[in-house]
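Subject: Model for your files

Hello,

Please find the structure below, with the sequence. My notes on the fold follow it.

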Amino acid sequence: MPRDVQITFDCADPAGLAAFWAEALGYQLQGPPEGFESWGQALAAMGLPPESHNDASAVVDPAGSGPRLFFQRVPEGKQAKNRMHLDVRAAPGLSGDARMAALEAEAERLVSHGATRLRRHEPAPPLGAGHIVMTDPEGNEFCLD
């Protein structure tokens, strides 16, 4: 039986990184628990001090089909290259110049939201369609594919 998955990011700024990935994936911030108008209101009611309000955040696929992304604050910074990364499918159905133009446009858009562009890999037929390697605002690698 297939299982749902959640992808968890250790980070310094859960709210900031959640906002970036919501923008990158077309996701939305997960709403507060039922009965609360905001997370601040819910967290205060749970007795969490204000300095703990950015300890975690999450984003969800508004269509309900993609995995939930959870962001948790950790004290240490990123130490090395990711052993796993996300491929953001930014040019579905496109190939060649049209594909790379779509990836370039998405790279430019994400840079305006705090991403960093690392390198471009040109198409290399028959198997390599081309992609762009980037990092999110906290240095986690991902590819525009």
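The C-alpha atoms fill a box of roughly 55 × 35 × 35 Å along the principal axes.

This is a predicted model, in which local features need pLDDT of at least 70 and side-chain atom pairs count only at pLDDT 80 or more, while totals for chains, interfaces and linings use all residues. Residues are numbered from 1 along each chain as its sequence is written, and side-chain values use heavy atoms, with hydrogens and water left out.

Contact here means heavy atoms within 4.5 Å. Axes are lines fitted to C-alpha atoms, for helices over the stretch in contact, and angles run from 0 to 180 degrees between N-to-C directions.

The pairings are as follows:
- β1 and β4 (residues 68-73) are parallel over six bridges, with Cys 11 partnered by Arg 73.
- β3 and β4 are antiparallel, joined by four bridges, and Val 59 stands opposite Leu 69.
- β2 and β3 are antiparallel, joined by two bridges, and Gln 28 stands opposite Val 60.

Aromatic pairs

Rings of Phe, Tyr and Trp (its six-membered ring) pair if their centres lie within 6.5 Å; planes under 30 degrees apart count as stacked, over 60 as edge-to-face and the rest as tilted. The count comes to five aromatic pairs. One of them is Phe 9 with Phe 71, stacked at 4.9 Å centre to centre with 25° between the planes. This pair links distant parts of the chain, since Phe 9 is in β1 and Phe 71 in β4, 62 residues apart.

The sheet with β5

Another open sheet of four strands has the order β5-β8-β7-β6, again with mixed pairing. Its edge strands, β5 (86-88) and β6 (116-121), each pair on one side only. Neighbouring strands are turned by 25° against each other on average, direction ignored. β5 runs parallel to β8 (residues 141-144), joined by three bridges, and Asp 87 stands opposite Cys 143. α1 packs on this sheet too, touching β5 and β8, with its direction at about 45° to that of β5. α3 lies across β6, β7 (131-135) and β8, running at about 10° to β7.

The α1 and α3 packing

α1 (residues 14-25) and α3 (residues 96-111) pack at about 155°, with their axes 10 Å apart. They are therefore roughly antiparallel (angles under 35 degrees count as roughly parallel, over 145 as roughly antiparallel, 65 to 115 as roughly perpendicular and the rest as oblique). The contact is made by Phe 20, Glu 23 and Ala 24 of α1 and Glu 106, Arg 109 and Leu 110 of α3.

Regards

Note on methods: Two strands pair if DSSP finds at least two bridges between them.
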